[in-house]
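Please walk through this protein with the structure open beside the text.

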Amino acid sequence: MKKTLSTLLLTCLVLLLGGCGNSDNERAADAADDAAAAAGVNAEVEAFYAANPDFFGFKTPADLPPDLAWTSNEHLPEVGSPKAKKGGTQYGALQDFPRTLRTVGPDSNGSFRPFLQDDVGMGLAHLHPDTLELFPGLAEAWAVDWDNQTVYAKLDPAATWSDGEPITADDFLFMFWFYRSPYIMAPWYNNFYSTTYTNITRYDDHIISISMAEWKPDMDERALLLRPIPRHFYREMGDDFSERYQWAFEPTSGAYIVRDQDIRKGRSIALTRHENWWARDKKHWRYRFNPDRIQLSVIRDTPKMFEAFKRGDIDQFGLNLAEYWYEKLPDSDPDVQAGYIHKVTFYNQRPRPPFGLWINTGRPLLDNRDIRVGIAHATNWDMVIEKFFRGDNERLNTGNDGFGEYSHPTLKAREFDIARAQEHFARAGFSRRGADGILVNEAGQKLSFTLSTGYETMRDVLTILRQEAAKAGLDLRLEILDGTVGWKKVQEKQHDISFTAFGRFLEEYPRFWEHYHSDNAWDRAFLEDGSVNPERQPRTQSNNLEAFALLEMDQLIERYRASTDRNEMIALSHQMIELHHEHASFVPGFYQGFFRVAHWRWVRYPEDFSYKHAASPGELFVHWIDTEIKEETQAAQRTGKTFEPVIKVYDQWAE
């Protein structure tokens, strides 16, 4: 952070009064810099509040509406099992070491982020994974004023950050400044927190209200799922935010912390259960987050990760890939038949991650719709599902399946059809095959694109697509990257075509702005007259991976976001899904209506294993490590003792 005049003055004062040696002087100067920086941030934040009085309100409890109906949904069944045991170490693996401990800004959206925030952090309230009703998190009670689009929350006075500081209303006010700040270099957050909400009011240390820009059917969730930011931690915000906080663990409201000594860059990282976690005895939280420690080692190759699992070096292994379910760990495997390793299939219901091809329409040739439609018809997803997934998966039809009435009821993905693919390629000028069978145009340019992915385990999916596409005269050059590098490439819009997917939140209706609004594709997509800006530059660090920019879509998105009528939102959703389909910048791939996992028998789960809307076995942290059973199992392996095999299918929520 740049030194300010106040920094220099305070430094001089410390040096004049200190009468100390050079090293002491340097320490004093550093302390003065830090103090001045913190004072500067506080002044900047307070000035922002003062400059936005309509957004940041300050009142007293006497100003609360007298007729609020406070609730905490005490009727909900508790999440987790009372049989759960605390203790033990859970061993797992990551395919790439985290690029940062930040949860926002460049490189923050990696595979380790759920351990820092998504799966372990606490919001005001949380969605029950069976009923989708809200249960208490940081708020002990809440009330909703639907008419005035405002949600009130009473913070639990016991709530503290992991460093012992209390969680207060000030941390929620600061959250809005933080996510709207340009320092974090996160345009999605800047937009979402600026446009979705219109006011946050502090009534005292533990009572706040949050008002929404528009009435929405899930308005209560939009407010109560918010998570605070520890104001006391971000004392030195500035242009160097991403570097300054790159490896600084943000105090958490959740159960697990990352200690400096547990970060072994490039090799492993561990989480430790906070022994004084404030919510350890709270309903919905007391039977979860059970292991004392979660040790994650970097194992870049999936086969080596599986070998580590079979040795017992890691406790669980996802078996969503058919190869591992049927061949690598068949039901006849000796460890399965001996009862040492359990196999589980669990059917769930939730919005489906849109696995498919994300086509960068800002790249040469891919800006031609006929090329894109041709690509859609040249990709054989039915063969992928049959050969790679053994028929277990289903074809995805759009980028927004699984949202109930908001998903399109009739639209179907384009089928593999060589003749139709060639017809569209010919319209784009590619009608003659070269000696290698790949189509070329009159200039001799090959119909060839790089197909990238960060999913090393999906290599064979891309191989099938490449082989089948060649039959239609399309050359797909495969690029298999590690997860972090692959994600960085698409965030910087350096890809031609990316095979990837976004995780889906449990939400009533889909989001369109982040993926399809031109604000996230180009710095200034259109001129004042609505024509395309010829000098526009790609917008990096956004989720619009297709460089999708249509003025009509922008207008529909803005109507959708402003709508307060559920039926209108459903109609607009269908219209936007149709427009996206027509644009052909996304080729839907597949979805899986279940998850599969293998775990050693010392990893225990509740009686019904998981919950209706769970995305993965570990997402809710309802499992535990039984150290006695672990000792028993390891002794049995040495002596040859066996147990009953456990191969279970939980289909109570199968669609």
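What follows is a tour of strands, packing, loops and cavities.

This is a predicted model: local features need pLDDT of at least 70, side-chain atom pairs count only at pLDDT 80 or more, and totals for chains, interfaces and linings use all residues. Residues are numbered from 1 along each chain as its sequence is written, and side-chain values use heavy atoms, with hydrogens and water left out.

Six strands build it, in the order 16-22-15-21-19-20, with mixed pairing. Helices (H or I, at least four residues) and strands (E, at least two) are DSSP runs, numbered from the N terminus. Two strands pair if DSSP finds at least two bridges between them. Strand 16 (394-395) and strand 20 (475-480) are the edge strands, and each pairs on one side only. Inside the order, strand 15 (residues 355-359) and strand 22 (residues 586-591) are antiparallel, with 4 bridges. Leucine 357 faces valine 587 of strand 22 there.

Helix 14 (residues 459-471) lies across strand 15, strand 19 (448-453), strand 20 and strand 21 (497-500). Helix 14 runs at about 170° to strand 20. Such axes are lines fitted to C-alpha atoms, for helices over the stretch in contact, and angles run from 0 to 180 degrees between N-to-C directions.

Now look at strand 14 (residues 341-347). Is this strand enclosed or open? Of its 7 residues, 6 are buried, so strand 14 is largely enclosed by the rest of the structure. Buried means under 20% relative accessible area, exposed over 50%, and partly exposed in between (1.4 Å probe, protein chains only). Strand 14 pairs with strand 23 (residues 594-600) in the antiparallel sense, over 7 bridges. Tyrosine 347 sits opposite phenylalanine 594 of strand 23. Strand 14 also pairs with strand 26 (residues 647-650), in the parallel sense and over 4 bridges. In that pairing, lysine 343 is opposite isoleucine 647.

Strand 12 (residues 293-298) has two partners to follow. Strand 2 runs parallel to strand 12, joined by 6 bridges. Leucine 94 stands opposite valine 298 of strand 12. Strand 11 (residues 268-273) pairs with strand 12 in the antiparallel sense, over 5 bridges. Serine 268 has serine 297 as its bridge partner in strand 12.

Next comes the packing. A nonpolar core is a set of buried Ala, Val, Leu, Ile, Met, Phe, Trp, Tyr and Cys residues joined through side-chain atoms within 4.5 Å. The largest one holds 165 residues, and Phe178, Ile375 and Phe425 touch the most other members. Helix 4 (residues 169-180) supplies the largest share of this core, 9 residues. Another core, of 7 residues, lies apart from it and includes Leu396, Val490, Phe502 and Phe586. What does phenylalanine 425 contact, leaving aside its neighbours within four places in sequence? Its partners include Asp370, Ile371, Ile375, Phe430, Leu447 and Leu474. Contact means heavy atoms within 4.5 Å.

Some single residues deserve a stop. Lysine 59 sits in the loop between strand 1 (56-58) and strand 2 (89-94). Lysine 59 counts as partly exposed because its relative accessibility is 45%. Beyond its neighbours within four places in sequence, lysine 59 contacts Thr201, Arg202 and Tyr203. The C-alpha atoms of lysine 59 and aspartate 204 are separated by 7.6 Å, although these residues are 145 residues apart along the chain.

Alanine 636 belongs to helix 19 (residues 627-639). With a relative accessible area of 3%, alanine 636 is buried. Leaving aside neighbours within four places in sequence, alanine 636 is in contact with Tyr340, Lys641 and Phe643.

Two loop residues other than glycine have positive phi. Arginine 390 has phi near 55°. Arginine 390 lies in the loop between helix 12 (381-388) and strand 16, and is partly exposed at 34% relative accessibility. Alanine 547 has phi near 50°. The whole structure has 5 cavities of 30 Å³ or more. A cavity is a set of points, on a 1 Å grid over the protein atoms alone, where a 1.4 Å probe fits but cannot get out; lining residues have an atom within 4 Å of a point. The second largest cavity is lined by 16 residues, among them Leu116 and Glu250.

Methods:
On a 1 Å grid over the protein atoms alone, a cavity is a set of points where a 1.4 Å probe fits but cannot get out, and a pocket is an open set with protein on both sides within 12 Å along at least five of seven lines; lining residues have an atom within 4 Å of a point. Grid points are joined across faces, edges and corners, and a volume is the space filled by probe spheres set on the points.
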